[in-house]
Amino acid sequence: MKGNNTETNIESEIKREFQIERMILFSDAVFAIVITLMAIEIRIPEIKEELSQEVLLHELKNLFPVLLSYVVSFFFIGSIWYQHLKTFSLIKDYNQGLIIRNLILLFFVGLFPFSASVITRSHNASLAYFIYMGTIIFCIIAQYLLQQYIINTPSIRISKIEPEHLNELKRKRFLVIGFMVAFVASVATYLATDDPEVRSWLPLWIIPVAVVYRWMNRKLKTS
């Protein structure tokens, strides 16, 4: 009888690990597809004239905003994936709450090809900036809620939580607050002026967030 219980527990453990692995593989596939879709946007348009060196240089110059958007988006998505990888290293089981929060994160990550294409084709339109920044904010919020849920739900995570994971949650909480403040400041600046030149500097509101975040990282590492 005891042997049957042991076999049942082993089978249940294997099944649980398999289901968790499916969730991780599905998440990795979404991250990979999103990055691939953005890379597909980097292409020289069809032209009737011969692709000489001068024409190629001109077309590459026009592609610079697309390349810049791809680089920024790639590193941000890569950062989200890395944090996702570290967070899921704490998982020993799953439940509906974990699946829902993970799907919400993947939903907002999946919006990056759209938001990146909008901002590269908008020609300095402020609305495109708000769409792109909004996508980043929702991704950060979704990841924070996922990490917080895992850490605060002992039944689905390993028993030991390292200080690194708690510090990461603190940093993520600051990013959520910092980006929301920058977003509100950007909206306030946009509404306060009609000057296109002033509105073109809206992304600079992110700089204070980056500076304070870097300082916070150093403080947490030395504490």
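Trainee: Among contacts in the protein chain between residues at least 6 apart in sequence, what percentage join residues at least 24 apart?

Mentor: Note that this is a predicted model. Take the contacts in the protein chain between residues at least 6 apart in sequence. The share of them that joins residues at least 24 apart is 79%.

Trainee: How many helices and how many strands does the protein chain have?

Mentor: Read the elements from the N terminus on: they run α-α-α-α-α-α-α-α-α. The count for the protein chain is 0 strands and 9 helices.

Trainee: What percentage of the residues of the protein chain count as buried?

Mentor: Buried means under 20% relative accessible area. The protein chain has 223 residues. The buried part is 37%.

Trainee: Is Gln 143 buried or exposed?

Mentor: Gln 143 sits in helix 6, residues 126-151. Leaving aside neighbours within four places in sequence, Gln 143 is in contact with Ile 80, Gln 83, His 84, Leu 105 and Lys 172. Its relative accessibility is 1%. The cut-off is under 20%, so Gln 143 counts as buried.

Trainee: Is His 84 buried or exposed?

Mentor: His 84 belongs to helix 3. Not counting residues up to four places away in sequence, His 84 touches Ser 27, Phe 31, Asn 102, Leu 105, Gln 143 and Leu 146. Its relative accessibility is 3%, so His 84 counts as buried.

Trainee: Is helix 3 roughly parallel or roughly antiparallel to helix 4?

Mentor: Helix 3 covers residues 64-88 and helix 4 covers residues 96-109. Their axes come within 12 Å and cross at roughly 170°. Angles over 145 degrees count as roughly antiparallel. Therefore helix 3 against helix 4 is roughly antiparallel.

Trainee: Which residues in helix 4 meet Ile 80, His 84 and Phe 88 in helix 3?

Mentor: By class, this contact has 5 nonpolar, 2 polar and no charged residues. Ile 80, His 84 and Phe 88 are the helix 3 side. The helix 4 side is Leu 98, Asn 102, Leu 105 and Val 109.

Trainee: Which element gives the largest share of the lining of the second largest pocket?

Mentor: This pocket holds about 490 Å³ of space. Its lining has 20 residues; Ser 79, Leu 175, Ala 210, Tyr 213 and Asn 217 lie nearest its centre. Two or more residues come from each of helix 3, helix 6, helix 7 (163-192) and helix 9 (206-222). The largest share, 8 residues, comes from helix 9.

Trainee: How many residues of the lining of the second largest pocket are charged?

Mentor: Divide the lining by class. There are 10 nonpolar and 4 polar residues. The charged residues number 6.

Trainee: About how much space lies in the largest cavity?

Mentor: With a threshold of 30 Å³ or more, the count comes to 1 cavity. The space in the largest cavity is about 80 Å³.

Trainee: Which helices each supply at least two residues of the lining of the largest cavity?

Mentor: The lining consists of Gln 83, Lys 86, Thr 87, Leu 90, Gln 147, Ile 151, His 165, Glu 168 and Leu 169. By class, that is 3 nonpolar, 4 polar and 2 charged residues. The helices that each supply at least two are helix 3, helix 6 and helix 7.

Key: Residues are numbered from 1 along each chain as its sequence is written. This is a predicted model: local features need pLDDT of at least 70, side-chain atom pairs count only at pLDDT 80 or more; totals for chains, interfaces and linings use all residues. Side-chain values use heavy atoms; hydrogens and water are left out. Helices (H or I, at least four residues) and strands (E, at least two) are DSSP runs, numbered from the N terminus. Buried means under 20% relative accessible area, exposed over 50%, partly exposed in between (1.4 Å probe, protein chains only). Contact means heavy atoms within 4.5 Å. Axes are lines fitted to C-alpha atoms, for helices over the stretch in contact, and angles run from 0 to 180 degrees between N-to-C directions. Angles under 35 degrees count as roughly parallel, over 145 as roughly antiparallel, 65 to 115 as roughly perpendicular and the rest as oblique. Ala, Val, Leu, Ile, Met, Phe, Trp, Tyr, Cys and Pro count as nonpolar, Asp, Glu, Lys and Arg as charged, and the others, Gly among them, as polar. On a 1 Å grid over the protein atoms alone, a cavity is a set of points where a 1.4 Å probe fits but cannot get out, and a pocket is an open set with protein on both sides within 12 Å along at least five of seven lines; lining residues have an atom within 4 Å of a point. Grid points are joined across faces, edges and corners, and a volume is the space filled by probe spheres set on the points.
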